[in-house]
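Me: I'd like to go through this one with you and check what each label rests on. Here it is.

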Amino acid sequence: MTTPIVEMRNIKKNFGHVIALNGVSFDVKAGECHCLLGDNGAGKSTFIKTMSGVHRPSSGTMVIEGKPVTFESPRDAMGAGIATVYQDLAMIPLMSVVRNFWMGREPEKGIWPFRNLDMKKAEEVTMSEMKKMGINLRGPDQAVGTLSGGERQTVAIARAVYFGAKVLILDEPTSALGVRQTANVLGTIDRVRKQGIGVVFITHNVRHAMAVGDRFTVLNRGQTLGTATKGDVDAARLQDMMAGGQELAELESSLGGTI
Amino acid sequence: MTEAVQAQKDERVKTVSPWRRALIRPELGGICGTILVFLLFGAIAGDSGMFKAEGIMNWTVVSAQFMIIAVGACLLMIAGEFDLSTGSMIGFSGTVMAILSVHMGWPLWAAILFTFGFCMLIGALNGWLVVKTGLPSFIVTLAFLFILRGLTIWGSVYFTRQTIIGGVGEKAQSDWLAPVFGGKILTGFFTWMGEAGWIATFTRGSRAGQPVVDGIPMLVVWALALVILGHLLLTRTRFGNWIFAAGGDAQAARYVGVPVNRVKISMFMFSAFCATVFATCQVMEFGSAAADRGMLKEFEAIICVVIGGALLTGGYGSVIGAALGAVIFGVVQQGLFFANAESSLFRVFLGAILLVAVIMNTYIRRIITGER
């Protein structure tokens with residue numbers, strides 16, 4: 001297939017004496033959904049924070065469209081087309097949907113010192129983007145605090161897509177959602193993938209991953225346990241790898257295979 | 001299936017009545033309060049001269065004083081921080097200005113400009129400490145409340161052996177910058193109004209024939225300019241959106257690339273700037289600086305801001321609201337005097353209105369965020 005948009009090679013990250021990542025390799029191609037699975041503490045969050053420029057890797061290389069890069073800040077990563085939708089969403093409940101949507105990249109018009117916000121444009125774009133994602137806002141000034149968890153995820157995703165993300169990193173977007181909202185978010189992931197954007201979907205829910213994933217990489221104790229393509233692997237196998245095999249298998253038999 | 005669901009309007013989104021929509025404005029409390037105090041004092045002090053030219057000027061000036069520091073406190077509070085050193089900064093900047101010009105012999109304009117620069121630097125230090133240490137600004141600026149007040153008294157006594165430094169008035173006579181803070185505008189218009197009989201004139205003494213109010217003090221001009229500028233900055237600019245974002249959730253704002261530290265530090269500097277404007281106007285008006293000026297002003301500024309609808313936790317508020325808070329404050333403080341009421345009741349009123357404002361703000365926030 002095509003060359004990956006982003007490739008992370010043998011990434012290591014230490015925090016003092018703690019080795020959070022011990023050689024992780026990962027890549028994502030245009031138009032695919034690559035799931036990164038791992039249990040709590042496996043290093044998923046550290047890894048994506050490295051990918052999005054929050055942390056700098058202790059060693060290892062990062063290649064974007066064939067060129068090695070180093071990110072000094074999240075701004076650099078965003079400039080390179082890597083957008084991250086965090087678990088805590090980077091949304092401010094007290095502010096309106098429009099102000100959240102444009103936060104950090106507000107459209108301006110006029111000449112300094114009379115430069116001001118182009119609220120009309122901001123509102124129009126936000127309303128139409130939200131409609132595309134299937135969310136009907138009461139008005140552009142509706143506060144984000146009044147939206148449901150799934151809707152907030154969708155606003156965050158729409159924002160990243162609108163601002164030209166080539167790679168979209170979703171940090172456990174479904175972990176706090178109900179059944180129907182989860183379905184909506186998975187639907188959104190599918191829609192985004194079809195636009196040719198590479199999606200990195202972080203989760204510890206194998207069923208959610210299987211629903212939309214094209215490839216699956218399992219992370220355990222700071223290391224990758226390998227990457228599998230859809231069809232080569234089943235949910236039970238992924239579950240086993242995530243948990244490190246043994247103990248969960250025992251537990252599972254005693255619980256009657258419900259996990 | 002999803003398309004069909006999306007097409008129809010979500011039946012669970014309740015329609016919001018216009019009344020409730022109007023309620024979700026930070027300024028609402030300020031607007032109601034302002035109307036209320038004017039009605040109240042119109043009734044109990046209407047015939048005392050409070051609403052004649054001289055009386056209006058009296059409470060306008062007091063309100064304008066509160067307004068100047070409230071604008072700084074408001075933007076800073078929306079950015080998620082407090083500045084408890086405002087009052088001490090007022091005393092400090094006035095004293096620095098007076099020592100430099102009267103004692104050191106600097107030209108007044110140079111002393112004023114230097115003081116502005118120096119005080120904004122201290123504001124930046126405040127902000128830098130808060131941002132770098134991650135300590136609550138409450139503690140950091142509380143430290144500066146004492147540090148600055150102590151330095152002011154020490155410096156004043158060390159250089160001049162007294163805590164009130166006079167003689168600024170004489171220096172201001174021939175200075176080009178002093179009238180920007182101590183002058184009056186529209187004097188011709190007020191003279192004309194006096195001659196036309198619109199406003200009262202002095203009948204005796206050296207100023208006989210001149211109007212009792214001879215112009216609008218620059219203090220009031222500064223207050224209005226700062227309110228308008230602050231409001232435009234907050235609601236109409238990209239930086240304004242960053243101020244909301246920094247106070248609403250600093251981490252979330254950082255994730256999307258808002259330079260939160262820069263925003264916060266510049267708001268601390270702006271707060272120091274406002275305190276210095278206040279101090280300079282006062283020094284020019286009295287012709288002297290005193291080491292004890294500005295006591296408790298930081299709390300009065302914060303009260304104005306809270307009455308104006310800002311949340312103490314940051315991320316929400318309005319400069320117009322803060323300005324209305326300042327008007328309420330000024331009108332009540334002077335109104336009680338006009339009404340011959342016991343002036344200590346002012347504090348009772350202050351505490352009560354603060355409590356009501358905070359309770360109302362909490363309620364408004366619940367409506368906005370849909371919390372229960």
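Me: What makes strand S3 (residues 33-38) of chain A and S10(A) a pair, and in which sense do they run?
Reply: Two strands pair if DSSP finds at least two bridges between them. S3(A) and S10(A) have 5 bridges and run in the parallel sense, so they pass that cut-off. A:Cys35, for instance, stands opposite A:Phe201 in S10(A). Strands here are DSSP runs of E with at least two residues, helices are runs of H or I with at least four residues, and both are numbered from the N terminus.

Me: Before going on, what sort of model is this, and how are things numbered?
Reply: It's a predicted model, where local features need pLDDT of at least 70, side-chain atom pairs count only at pLDDT 80 or more, and totals for chains, interfaces and linings use all residues. Residues are numbered from 1 along each chain as its sequence is written, while chains are lettered from A and ligands numbered from 1 in the order in which they are written.

Me: How do you know what confidence chain A has?
Reply: From pLDDT, the predictor's confidence in each residue, from 0 to 100. Chain A averages 82, and 92% of its residues score at least 70. Where pLDDT is low, the predicted coordinates should not be read in detail.

Me: Why are S6 and S12 of chain A said to stand at the edges?
Reply: The open sheet of 6 strands has the order S6-S9-S10-S3-S11-S12 in chain A, with mixed pairing. Strand S6 (82-85) and strand S12 (223-229) each have a single partner strand, so one side of each has no neighbour in the sheet. On average, neighbouring strands of this sheet are turned by 20 degrees against each other, direction ignored.

Me: What makes helix H5 of chain A a helix that packs on this sheet?
Reply: H5 (residues 149-162) touches S6 and strand S9 (167-171) of chain A. A contact means C-beta atoms, placed from the backbone, within 7 Å. The direction of H5(A) makes about 170 degrees with that of S6(A); axes are lines fitted to C-alpha atoms, for helices over the stretch in contact, and angles run from 0 to 180 degrees between N-to-C directions. Helix H8 (residues 235-243) of chain A also packs on the sheet, touching S3, strand S11 (215-220) and S12, at about 25 degrees to S11(A).

Me: And the sheet of 4 strands: why do S2 and S5 count as edges there?
Reply: Its order is S2-S1-S4-S5 in chain A, with antiparallel pairing. Strand S2 (18-28) and strand S5 (67-69) have a single partner strand each, so one side of each lacks a neighbour in the sheet. S5(A) is joined to strand S4 (residues 59-64) by 3 bridges, and A:Val63 has A:Pro68 as its bridge partner.

Me: Over in chain B, why is helix H15 called mostly covered?
Reply: A residue is buried if 20 or more other C-beta atoms lie within 10 Å of its own, exposed if 12 or fewer, and partly exposed in between, with C-beta atoms placed from the backbone. In H15 (residues 297-307) of chain B, 10 of the 11 residues are buried, among them B:Lys297, B:Glu298 and B:Val305. After H15(B) comes B:Gly309, with a positive phi near 100 degrees.

Me: Which residues outside its sequence neighbourhood does B:Cys74 contact?
Reply: Leaving aside neighbours within four places in sequence, the contacts of B:Cys74 include B:Val305, B:Gly308 and B:Val319.

Methods:
Contact = placed C-beta atoms within 7 Å.
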